[in-house]
Amino acid sequence: MTTTLIRNAAAILSGQPGAASRIAGPDIRLRGQRIEAIGQLSPKPGETVIDATDCVIYPSWVNTHHHLFQSLLKGDAHGIDLPLTAWLAATPYRFRAAFDERLFRIAARIGLLELALSGCGTVADHNYLYYPGMPFDSSAILFEEAERMGLRFVLCRGGATRTRQLEAELPQAMRPESLDAYLADVERLTARYHDPASDAMRRVVMAPTTPPYSLAPSELVECARTARRLGIRLHSHLSETVGYQDSVHSMHGMSPVRFVAEHEWLGSDVWFAHLVKLDAEEIALLGSTRTGIAHCPQSNGRLGSGTAPVLALQAAGVAISIGVDGAASNEAADMISEVHAAWLMQRAAQGDRAQPLFRGGAGEGERVAVSADDVVAWGTSGGATVLGLGDVGTLAAGMAADLAIYALDDPRYFGLHDVALGPVVSGGRPTLKALFVAGQRVVADDVVMGVDVAELRAQARGAVRQLMAG
């Protein structure tokens, strides 16, 4: 079995929080799909050696919420300054019917390339581009494109049986599915693609688009029970804006989290994107059930939704992960910019809550609670926990050989005292010397194997012209 020795790293982060976040190294040996050893290691005859001098090594990022088809919808002038509900109509819903198999594949490839170049090795995509009579299999395309790029892929199979408009007035691509058709396709996808292993390259998740709007309450229960019978996880959007609170209180007389709790949609096998607008009872309920969050700070900021109470959720017992959300509401849908934003926005939110001493507050406090090491843990081992990939997201002997090697050779990283934190605290995008996923090198010196970037750029420009022309 082939081995690779990565030598002389300037810093190694484990992906674990707190004191366990730093590893002395400076070397890592990969054997097959696993990490064999970390420490002071000597080359063995015939093994591949990568010089990581002045580089920092992280576990490859685990992105727990995306909408890859939106990679062709960045910077849409009609939606760029709108809040969530108006933006949905202006951008993703407006263009949804225009996606054919070719445009969908181009969009998926762009999004996966962008993620890979940020050092992301595992992608969970919440794909909701499905409708009756659809002429192409969007699920198969996503699995094919992820495999082509060498990334771990989790399909969160979205969809809806309800719409807030009259079906007769909708184009075919906006019409809902029947519950039977939706569940049948989830079963088909699970049988074909789902691997329950803790280091799986492919997973399937039950993920109706939004619980309060996409399904009838009884259907939510049926989906949850079907998922658990199949041994797959559950995912959706929840409480992204105050609109969720108003709608669910109007329809059901309770909070959104209480609503999903009463329909079997909480637990350690469930995670929700966003969770921005929560009250204390909801936070406690999420924590007591060990439900997870895909924290999407840039999208929440871009749409003016707010900042999720991540520290309160973490203290309550919620599993914290990072998701980039779709590029149509996050024009830089990569994990480096996302963790940088998470670090800044959580610290800013804590400062917003501070009150001066003369008003009975506690002042600024001696230390802001969110550290860059914490954010790295959210984006790596935290994501692996949420997805149930227990052998991914942490650098340690015996774990999956998923890691990113960053060369901090851009001037923005010059002068760093703690180089380990450069990719998070300095922002930008460091040169990706290497990305390994399951022991395979999928990025070398900022080049993704097998992807013609110039050709993809030309395809993207043509696709955007086609979409804008209507």
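Which backbone oxygen does the side chain of serine 337 reach? I found that it is the one of alanine 332, at 3.1 Å, a polar contact in the sense of a pair of N or O atoms within 3.5 Å, where within protein one must be able to donate a hydrogen and the other to accept it, and residues adjacent in sequence count only if both atoms are side-chain atoms. Serine 337 itself lies in helix α13 (residues 335–353), and I noted it as buried, at 16% relative accessibility; buried means under 20% relative accessible area, exposed over 50%, partly exposed in between, with a 1.4 Å probe and protein chains only.

I keep in mind that this is a predicted model, in which local features need pLDDT of at least 70 and side-chain atom pairs count only at pLDDT 80 or more, while totals for chains, interfaces and linings use all residues. Residues are numbered from 1 along each chain as its sequence is written, and side-chain values use heavy atoms, with hydrogens and water left out.

**Cysteines.** I looked for disulfides, meaning pairs of cysteine sulfur atoms within 2.5 Å, and the structure holds zero. The sulfur of cysteine 120 has its closest cysteine sulfur in cysteine 296, 13 Å away, which is too far for a bond, and that of cysteine 223 has its closest in cysteine 156, at 14 Å, again too far. Cysteine 120 is buried at 0% relative accessibility, and cysteine 223 is likewise buried at 0%.

**The four-strand sheet.** I traced an open sheet in the order β5-β4-β1-β6, with mixed pairing; helices (H or I, at least four residues) and strands (E, at least two) are DSSP runs numbered from the N terminus, and two strands pair if DSSP finds at least two bridges between them. β5 (34–39) and β6 (48–51) stand at the edges with a single partner strand each, so one side of each has no neighbour in the sheet. Strand β1 (residues 3–7) runs antiparallel to β4 (residues 27–31) and is joined to it by four bridges, and I noted leucine 30 in β4 as the bridge partner of threonine 4. In the loop between β3 and β4 I came to proline 26, where the peptide bond from glycine 25 is cis, with omega near 10°.

**The seven-strand sheet.** This open sheet, also of mixed pairing, has the order β3-β2-β7-β16-β17-β18-β19, and its edge strands, β3 (22–23) and β19 (447–448), each pair on one side only. Two bridges join β18 (residues 440–444) to β19 in antiparallel fashion, with valine 443 opposite valine 448. In the loop between β17 (431–437) and β18 I found alanine 438, which has a positive phi near 55° although it is a residue other than glycine, and which is buried at 8% relative accessibility.

**Helix α16.** Which residues of α16 are buried? I listed Leu456, Ala460, Ala463 and Leu467; they cover an arc of only 70° around the axis (taken from the directions from the helix axis to the C-beta atoms), which puts them on the same side of α16. The face turned away from that buried side carries the exposed residues Arg461, Arg465, Met468 and Ala469.

**Another positive phi.** Histidine 274, in strand β13 (residues 270–274), is not a glycine, yet I read a positive phi of about 90° there, and histidine 274 is buried at 1% relative accessibility.
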